Amino acid sequence: MLSMEVFSQGMLFLATIYDKLERITTDSAIAKLWYNSLKDLDDEAFKYAVETIAKTSKFAPSIAEIREKAWEYRHPDTLTPEQAWEILYNDLHKYGFYKQPTYDNPILERAKNAISWEALCNVTTDQVSILRRQFIDIYKSLMETQKYAEVTNNGPKLKSLEELSKRLAQSKSFKQLGGGDGNEKRGDENL
């Protein structure tokens, strides 16, 4: 929970950079409203958000921007969509059709399952860029949904995402394996 002292120091610091935020430091009613919107953050995440915004933003931040930067602090190992695609694409070559990998990263796992391992393995060379774009779009959407649920502290959405992650973890033991005698063309030789 964000301490009032850290909040006050952070807002005072931002007010020295952004004139629009000066009212927050001088009007206790406005300060209370801002504090109530940010109080579920911890001190370190709030400090990180304030420092990052001060270094990178030309304009005064909104509550949403502060919360988004705090989310980044709590999730430093979040993969970009391009990094997730690279992992998936490398695993297509490494494992092929007969051994579907599972990922601890729930967003990557859900994005992979949204397309299906079979579809990924059966892609032709001229379809790779299309599939890459689809995967990246799906990954971005899933990541934004996760971020939105956490940034807004949306209890029902967070609960449904946790339940989905639990179901994915349980289904890891029921991975589908390709069949056949090994003589079939897998469709991923040209990837």
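A residue counts as exposed when its relative accessible area is over 50%, and as buried when that value is under 20%. The model described here is predicted. Its protein chain has 10 helices and 0 strands, and 35% of its 191 residues count as buried.

**Overall fold**
- From the N terminus on, the elements run α-α-α-α-α-α-α-α-α-α.
- Among contacts with a separation of 6 or more, 71% come from residues 24 or more positions apart.

**Helix 3**
- Helix 3 spans residues 28–38, and its buried residues are Ile-30, Ala-31, Trp-34, Tyr-35 and Leu-38.
- Lys-32 and Leu-33 are exposed and sit on the face of helix 3 turned away from the buried side.
- The cover over the buried residues of helix 3 includes helix 1 (4–17), helix 2 (22–26), helix 4 (43–56) and helix 5 (63–74).

**Helix 6 against helix 9**
- The axes of helix 6 (residues 81–95) and helix 9 (residues 128–151) come within 9 Å and cross at roughly 125 degrees.
- Helix 6 and helix 9 are therefore oblique to each other, and their crossing is right-handed.
- Helix 6 makes the contact through Pro-81, Glu-82, Ala-84, Trp-85, Leu-88 and Tyr-89.
- Helix 9 contributes Val-128, Leu-131, Arg-132, Phe-135, Ile-136, Tyr-139, Lys-140 and Met-143.
- By class, this contact of helix 6 with helix 9 comprises 11 nonpolar, no polar and 3 charged residues.

Terms used:
Residues are numbered from 1 along each chain as its sequence is written. This is a predicted model: local features need pLDDT of at least 70, side-chain atom pairs count only at pLDDT 80 or more; totals for chains, interfaces and linings use all residues. Side-chain values use heavy atoms; hydrogens and water are left out. Axes are lines fitted to C-alpha atoms, for helices over the stretch in contact, and angles run from 0 to 180 degrees between N-to-C directions. Helices (H or I, at least four residues) and strands (E, at least two) are DSSP runs, numbered from the N terminus. Angles under 35 degrees count as roughly parallel, over 145 as roughly antiparallel, 65 to 115 as roughly perpendicular and the rest as oblique. A crossing is left-handed if the near helix is turned anticlockwise from the far one by less than a right angle, and right-handed if clockwise. Contact means heavy atoms within 4.5 Å. Ala, Val, Leu, Ile, Met, Phe, Trp, Tyr, Cys and Pro count as nonpolar, Asp, Glu, Lys and Arg as charged, and the others, Gly among them, as polar. Buried means under 20% relative accessible area, exposed over 50%, partly exposed in between (1.4 Å probe, protein chains only).
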